[in-house]
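Me: I would like to go through this model with you, one topic at a time. Could we begin with its surface?

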Amino acid sequence: MLRMFLVNNGTFLQVDEDIAPTARVGVLRGALTRAYGEAEENQVLLTEKGRQMDGGQVIGTYSAGTEQRPIYVFFRSHLSPRDCQQNTSGEGDCPNDAWIVKWDGREHASRLLTEVEAVNVKPTSNSFQKQMSLAKQLGEKAAELRERVRVLAQQQALQWQGIRAAMLNCQTIFSQYQKHQHLFCQALEAFRDLLPQYNTLLQSFPETLALLRQIPFPPSLSSPPPSSLTSEVLNCLLLFRLLFSLYSPST
């Protein structure tokens with residue numbers, strides 16, 4: 001089963017469909033759309049090293065989707081600040097705040113501690129049994145809290161890894177942009193260097209046409225060329241035929 005981690009709110013994503021690593025990334029995007037209603041163009045799928053997963057590639061080629069290396073998912077519609085605003089009470093009204101661990105047993109634990117202090121007053125057999133029962137309840141609450149802290153720490157660590165993957169992806173995009181910009185500048189400089197030659201060629205074109213008019217039109221050019229000629233020769237013959245038909249002395 002593929003493991004996908006939504007960096008926006010720090011939770012793992014699950015789809016009802018069984019998607020194999022041999023499937024295309026586009027199939028996974030479609031499953032996410034059906035499961036969470038997020039359009040494919042609003043999904044960003046990244047690997048641990050910031051490589052963006054292309055829809056036409058096989059999922060297994062990216063070595064992602066495991067428990068240790070999940071697929072980091074970003075939903076663009078969840079990145080707007082309007083989606084997670086703080087209300088006046090300080091509580092987040094974001095619907096995707098599952099990453100916030102709230103221990104609702106604090107009042108219960110406080111009551112248990114109060115009862116422990118109460119039974120410590122008179123050390124009797126009943127108070128000892130009560131202390132044992134309270135200690136058991138406190139231990140269970142402590143274990144529950146430890147588990148929640150562990151889950152929170154894991155989710156936060158994965159969130160940081162997802163943010164790091166996004167930063168690496170941005171660096172890759174910026175490097176590609178710089179490379180394309182450099183190639184464009186080189187092509188532009190080459191065009192500027194050759195621009196005077198192009199202007200000279202255009203200015204001398206009427207003289208070249210005048211010289212072509214002085215060449216007699218061979219009868220062989222008016223007949224269909226043999227099929228045994230190569231494509232390059234045929235192209236040259238067709239070009240000469242066009243020029244002679246347009247700029248022959250009879251015109």
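**Surface and strands**

Reply: In this predicted model, F184, L188, F191, L194, L195 and Y198 form a nonpolar surface patch of about 530 Å².

Me: Where is F184 found?

Reply: F184 lies in helix 3, which covers residues 125-203.

Me: And is F184 buried or exposed?

Reply: F184 counts as exposed because its relative accessible area is 55%, and the cut-off for that class is over 50%.

Me: Let us turn to strand 4. How many of its residues are buried?

Reply: Strand 4 spans residues 71-75, and five of its five residues are buried. Both of its faces are covered, with I71, V73 and F75 on one side and Y72 and F74 on the other.

Me: Which sense does its pairing with strand 1 take, parallel or antiparallel?

Reply: Strand 1 (residues 4-6) pairs with strand 4 in the parallel sense, over three bridges. There, F5 stands opposite Y72.

Me: What about strand 3 and strand 4?

Reply: Strand 3 (residues 43-46) runs antiparallel to strand 4, and four bridges join them. L46 also stands opposite Y72.

Me: A new topic: where is N9?

Reply: N9 sits in the loop between strand 1 and strand 2, the latter being residues 11-13.

Me: Why does N9 count as buried?

Reply: N9 counts as buried because its relative accessibility is 5%, and the class requires under 20%.

Me: What does its side chain contact?

Reply: The N9 side chain makes a polar contact with the side chain of T11, at 2.7 Å.

Conventions:
Residues are numbered from 1 along each chain as its sequence is written. This is a predicted model: local features need pLDDT of at least 70, side-chain atom pairs count only at pLDDT 80 or more; totals for chains, interfaces and linings use all residues. Side-chain values use heavy atoms; hydrogens and water are left out. Patches are made of residues with over 30% relative accessible area and no salt bridge: like charges are joined within 9 Å, nonpolar side chains (Val, Leu, Ile, Met, Phe, Trp, Tyr) within 5 Å. Accessible areas come from the Shrake-Rupley method with a 1.4 Å probe; for residues, only the protein chains shown count as cover. A salt bridge is a side-chain nitrogen of Lys or Arg within 4 Å of a carboxyl oxygen of Asp or Glu. Helices (H or I, at least four residues) and strands (E, at least two) are DSSP runs, numbered from the N terminus. Buried means under 20% relative accessible area, exposed over 50%, partly exposed in between (1.4 Å probe, protein chains only). Two strands pair if DSSP finds at least two bridges between them. A polar contact is a pair of N or O atoms within 3.5 Å; within protein, one must be able to donate a hydrogen and the other to accept it, and residues adjacent in sequence count only if both atoms are side-chain atoms.
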